[in-house]
Every structure is written in structure tokens, then in C-alpha cells.
Amino acid sequence: MSTATAHDTAHDHHGPPAGLSRWLFTTNHKDIGTLYLWFSFTMLLIGGAMAMVIRAELFQPGMQIVDPNFFNQMTTLHGLIMVFGAIMPAFVGLANWLIPMMIGAPDMALPRMNNWSFWILPFAGTLLLSTLFMEGGGPNFGWTFYAPLSTTYGPESTDFFIFAVHLLGMSSIMGAINIIATILNMRAPGMTLMKMPLFVWTWLITAFLLIAAMPVLAGAVTMMLADRHFGTSFFNAAGGGDPILFQHVFWFFGHPEVYIMILPAFGIISQIVPTFSRKKLFGYSSMVYATASIAFLSFIVWAHHMYTVGMPVAGELFFMYATILISVPTGVKVFNWVATMWRGALTFEVPMLWALAFIFLFTLGGFSGLMLGVTPADTQYHDTYFVVAHFHYVLVAGALFSIIAAVYYWLPKWTGHMYDQTLAKIHFWWSVISVNILFFPMHFLGLAGMPRRIPDYAIQFAEFNQLASIGGFAFGLSQLLFLYILIKTIRGGEKATDKVWEKPEGLEWTVASPAPYHTFATPPQVK
Amino acid sequence: MRNLSVNKHLLLALLGLGNVVYAGSVFAEYKYNMTQGVTPISGEIYDLHMMVFWIVTAIGIGVFSVMIYSIINHRKSKGVKPAEFHESTEVEVLWTIIPFVILIFIAFPATKTLLALEDSSDADVTIKVTGYQWKWHYEYLDDDAKGLSFFSNLDAESNEARQLGANQDLSQVDHYLLNVDNPIVLPTNKKVRFLVTSNDVIHSWWVPALGVKQDAIPGYINDTWTYLKKPGVYRGQCTELCGKDHGFMPIVVLAKPENEYKEWLAQKQAEKKAAEEEAKGVWSLEKLMTKGEQVYNTSCAGCHQANGKGLPGMFPAIAGSKIALGPIADHINTVMNGKSGTAMQAFGAQLSDADLAAVITYERNAFGNNTGDAVQPSDIKSAR
Ligand SMILES: [Cu+2]
């Protein structure tokens, strides 16, 4: 009773309560956004540490550091943690911080559910990580957990993995419902759909993808659980089931999932590029339509991950055509960004540097994606390091870089302090160089025939692996510099102005820096 | 490491010791690009790969040039005033249609190659390829092969060198991780059809030079094919994560002209006969133990470990196990029929009577088990 009263009083004074309970019981979109972002950063470091183990073992041929089973646990958990722990929560954190401020709403539409959808995450993450300490080890079947390797042959801890995935899925679905409810109901007067900032648009579409895709994943792991313990044979050929069914179900979730991790990135880049080009975003409405087309296409291309499973040729043709078609709306996005810069008045502050790196490197990842979409050529690329190179270009140099760009763009608004721009530029150049040393050689490795997910390799792959490992260690280290810059900025620094940048567009720049605990208690009027 | 050894070779060559040829072959192995391979399909795939590569390179150069031009010339520091334009339906339509046309241009050859790749009809030779954790099994299905079948494991030298902390000079190991004990032998200039399946989890049979990658899936028989133009040795690996030793189940294809292929078939038949004859006699404990250790190391050590201690929580130990120390009949039953719902396979169909007798004897006497039991090939025969 007394805490409830204290809570209410705190609200009356428009300030956060002090101590741990502020974070545990918070329903404030900014607090929850901060929690999401810190959770994501913690997971980035943990998943990154696992990547360091992987790169250390692959530094030279022969087995030196870990045994193959532990290596498989590292690749599996690295993938799961980066996808579900680092990238997705970071975007939800950004959505929490920014969407209400961008549309002129006082908070998210469902603030208590917002609290819950965050607080599920640390438990899910801990559950997933705890499997590493169980007898028989953690999940070792890859983040794609193909049956029957994950069912009949999975370690005991697989059940904990299944439960963790259920929790992560619930968190995502609740987050998505909240975002949709907020965007559709809480926009300030005059903020029509076609006036919304692109970050809001891309998140609206992403939220629908989440609601459609996550239950499919939940279905897949539930069927796994039934196969493991309740005598069903959904995926067990010996019982009349079908291991390929698992892949269809998984990728029906999995392909939209990759767009869940990239559409908000498109939104972020579409916010940053106009600001530092001092020019309006080129082709706003075509950006919205392109995002919607990508989202639609993402549901009819899933089997391009399965070109080698022995599908009928008509199916392979359909999925090839649909897949390469995605490069059309994706190309439109890149062309629009370039046209926005064209004849602008460009400056190269830190967020713009990251955004430019995103456009260059994401486009490279898109090119290898087009190559992978061509079915006969995929016969050679599939499950090699060429694929590893491709998805790290789009997910690290793409999604992660966009998140870092967003942090550098909005951090002064969040903290009220401008960060140390020299250090931030060092962070940028260090990351952008090392990320290419890390991932570019992987194209060569894959083309020369190195399969992915192997703990040891033939000696002709030694040089490029060594190079990739060196790039990997450097890239890992550069994110510690990021952590230092963040902490330094939160603790102090040059006072940021309300606009922060010369001519940014959007309602978030009309409030004070740092943004007050409650913003837009009375909705602004949008012209 | 490589740079060092290359420098050494160059030095030797300069000293007139003539190692240039060897250094050259080291470079030849070293590749940046996809192989053109040795089959019509692998060549078509390579051409397709290069075509798409050049198309995306051209697009990349175009887009990036515009961007870089903008970055250099449209800077605020140069005093430019930003333009006002921010939409153009014509331009949007144009850069939707042009990529679409390029895609159609890619789709035609891709469709043609895909249809050829999927046409496994009218094969001259048919071979069943079965993936096992962690080895391949080949079965020649044609009449003249008389049911010839064998397993293909990572060869012993690589297997020893790849152990954690083995710390060997890997450049001295013959084709480290890409060598097997029994390669699959194929005739050249014949259409060879593969029926690919799996005994346990999903594997994938990939030989880059053949342009063949086909998933091996339990419960399914996938087919694919190849047509080798040149005799030679072609190496590949399993490309679908299949558990602990996924990285250690390579593929070696030996392509031989038809007459040599026929000779090889005949020789394999003779070997099989001889082994069957030998299995008929009574084996000494010593002979069983020697053979048993070999069989154990190729078929059992992957899970139960070379020291018989297993991996706690994953694979049970043989040392001091209830089965290895219990009744012989139960032990034979477990090895031959496996244990459903676990990774323990049914080895009855995989190993010969002599191999089974030897490996069971070995398990009952090695690792401090010391039961003194000798299981004979005839015991296995009667248990079948
Ligand atoms: Cu395999």
C-alpha cells in the first residue's frame, strides 16, 4: 500500500522514484527504453565474448582451446544471444525511447505490459545462459536448431532452451502489440500516418511482422518439446514425422525475423541521412511502400534457406524468383538515401559516419544476398563461410551499425550531454576497419570451400581465418571503447542544446535535452 | 605460418635447390574464388556465379560513385546550399523497373541451369550415399557391383592430429581433415546418380569440384547426379551441422576411367570374400583385441572417446559400464541394435561379424574392464 502511495506521489511530482524500485516497477517509456538498451548491450558483450572464443579457436588449424562440442555450444549461443538478446531488444529499446516522442504521445499505450515485456528478458537470457553449466552442456545444434539434431539428439538442457525461446517470444509479441497500439492510437493531432517519421513507419511494419512470425517459432519449439517428451513424432522420420517440416516452420518464422532485424535499421538511416544532408528525405512515400513490400515478400521466400533439402524444382524456381525480387524494393531504399544526399549540404558528424558505413556495407551484404538467392549458385554457397560473411554484413555492419548510429544520434537528447566526438570518431574508424578485416575474408573462405560451423579446417584456409580472427579481436575491443564513451557521456560532458544538431526534423527535438521524464503531457499540434 | 613456409621455399629456390615447383603447387591450392569444377554443372554454376558477381559489381560501382561524388562535392564546408527537391515519381519508377529488368536477365540462365541440375534421369551408375554421425556410407546399387558397400571415415592420421591439444605439424599431415580411409570411386564419362539419405541427423554431401551439394535427411532419399570429365581426386566435406564431429567427416572422390573403375570393383569384391573366409575361423583374444581397437577408434571413439570414459551427460563411458561388464548377450544386443531415442546407433547393419566380435571383445577387456571374454565372429552370426 505504502509503495503504491509513494509511486503515485512520485508521479505527481513528475520525477522518477529513487533506487532499484524505479527500474523494477517503472512504467515510463524512457526508463524502459534505457533498460532495454542496457540489457542489449550486456548481451552484445556476452555474445561477443563467445565470438571471441570462436575466433580464437579458428585462429589457426588444429584444435587448441576448446573441444568440438563446446565450440558448437559457442556458435549456437552466440547466434541466439545476438539475435534475441542484442539486436531485437536494442530496436525495442529505441522504439520505447523514441516512438512516443516522435508521434507526440505522453507514453506507450500499455505501460504496465511494457514493464512486463522488458522484465521477462533478463530471466529468459539467464535461463538460456544457464544451460552452459548443465550436465551435457548447452544447446549445440546451431541457432537454427534443426531437428532431429535438436530433438532426438539434443542435450538435456534443450528443454531450458525451449522455455527460454518461449519467454523471448512472449516478450517480443507484447512489445509489438504495445508499439502497434501506441502508433495507431496515440499520435498527436495532425500527425497523420503519412506524416510519421520513417523510424515510426518501419517499426509499425516490423511490429506486424513480429506478431505474425513469433507464434510460428513458439509452435516450432512446442512441437520439439512434444517430440522430446510426449511421444509425438512431428519431426521424427522413424515415427512417420518429417525433419524437413521443421525447416519449413522454422524459416517461416526465420525469414521475416531477418527483416525484423533490418526494417527498423532502415528507419534509423532514413532519420539520420536527411539531418546531415540538410535536405528532406527523398521519396518518403516510396520508402513507406518499399518497406511494406519487403515485409510482404519476407513471408514468401523462406525456403531459399533450404535449396539443398531436395525440394521439387517448381518450388525452387518460385522461391528463387521471389527472393531475387526483394532486391527491387531494397534497391529503392538505397537509391533514395543516395538521392537524399545528392546536392545536399553534407557534414560528417559521428551518426552520419555510421549511417554512411551502413549504406556502403549493407549494400555489400545485399549484393551477396542476391548472389545467394540464385538457386544453382547457392548449391555451392550454401552452408559455407560465404553465407556467414553475407549475414554478418547485413546484421553487424547493417543492423548493429544502425543501432550504434542511433545511439550517437539521440544520446545527447537522452542524457543532455554531448559525447566526446573525437573518441566517438576513433570508435567509428576502429570498428569500420576491423569489421571488414573480420568479415570480408570470409567471402573468400566460403568460395574456396570452407563449410560454416566447423571447429577446425584444412590448412589452405589458414591465412584468411587468421586475418578474420585478428579483425574479430580488434572489433570486439572497439566495443569496449563504446562502453567507455557511453558511461562518460551519461556522467557528464558538454551540455547539449535542445536541437542537438543543426537542423534535425521531428518532435523529439522540440523538447528539452535531456528529455524530461514526462514529455507531451498535452499533445503538440502537428501542422 | 604459410607466409613463412613460402618464404622458406623461395629462399631454397634462390639457393638453387629447386623447390619452385612445390611452392607453385602451394599457391595453386590457395583460392579466392569458387572452383570451376570438373563437371558440366559445376562449370555452369561458376559462370552463373561470375555473371551475377559482375552485375552486382557494376551496380555497386554505379551507386557508390554517385555517393562518393556527393560526399566529396556536396559538402557544407564547400559552401554549397542544399537543393530543395525531395521526390520524383519518374525517377522512382525508373529505378524500380531497371533492377527488375536486370533480375529477368539473371533469372533466365539461372532457371536453365537449375533445370539441368535437377535432371537425374538416365543414369549409368547409381550409388546410395548415407550420412552417419560422423562418416559416410557408400553402396553401389548396380548389378555389376554386387551390393558393394563400405564406410568412409576421416583417415587415421588426420584424426589423430585433430585431437584437442595434439599440437602436431599439420603441414606434414596428408590433406589434413580432407582425407578418408576409403574414398568413393566413380567412373569418368558416365552419368552417376547419387541417392542421398541419412541414418541419424541431417548431413549434407558436398564436393565443390562436382558442383554437388545434397542434404542427407533421415526418412528421405534425395537424388542428385554428376558427370565427371577428368580422372582425379576431388575433396569435399559435410556441410550441414550434424553434431560434435561435423567438421570431421570429409568426402574424397576418386574418379577413374571406366576400365580402372571396373578393376577396382573386382578388387573390392575379392577383398570382401577374403574377409568373409577369415571370419569363419576361431580368433585368438589377441587378434580380436588388435582388430577391436581399430574398429573402436573409427566407429565408437567419436562418442565414447578413445579412453572409453565417454562425455559426462552426453555419451556414457565404456570403462566400468554395466553393459560392458554384464552378460555378453546384452552387450551384443546393445551394439548390434542400438538404443532407440539416443545417439547409440545400431551397428549390426554397419559392421561385419568379425568387426563386431572384435569391438565387443575390445570393449569388455580394454579400459580396465578386464573380463577376459573373447567374443567370436560365429557368436555374432548366430545372434543376427
Ligand atoms: Cu555430417
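Predicted model: local features only at pLDDT ≥ 70, side-chain atom pairs only at ≥ 80, totals over all residues.
Reader: Hi! Which atoms coordinate the copper ion?

Author: The copper ion is held by B:His203 (ND1), B:Cys238 (SG), B:Cys242 (SG) and B:Met249 (SD), at 2.1 to 2.6 Å. Donors here are N, O and S atoms within 2.8 Å of the metal (3.2 Å for Na, K and Ca), and water is not among the atoms, so sites may look incomplete.

Reader: Nice. What arrangement do the four donor atoms make?

Author: Tetrahedral, because their angles at the copper ion are 94 to 130 degrees. Four donors count as tetrahedral if all angles lie between 85 and 135 degrees.

Reader: And how are the donor residues spaced in sequence?

Author: As H-x34-C-x3-C-x6-M.

Reader: Are B:Cys242 and B:Met249 buried or exposed?

Author: Both are buried, meaning under 20% relative accessible area, with exposed over 50% and partly exposed in between (1.4 Å probe, protein chains only).

Reader: Switching topic: why is strand 1 of chain B largely enclosed?

Author: Seven of its eight residues (125–132) are buried, so the rest of the structure largely encloses strand 1. Strands are DSSP runs of E, at least two residues, numbered from the N terminus.

Reader: Which strand runs parallel to strand 1 of chain B?

Author: Strand 5 of chain B (residues 191–198), joined to strand 1 by seven bridges; two strands pair if DSSP finds at least two bridges between them. B:Thr130 has B:Thr197 as its bridge partner there.

Key:
Residues numbered from 1 in each chain as written. Chains lettered and ligands numbered in written order. Heavy atoms only, no water. Helix = DSSP H or I, 4+ residues; strand = E, 2+ residues; numbered from the N terminus. Tetrahedral: all angles 85-135°; square planar, octahedral: opposite > 155°, others 65-115°.
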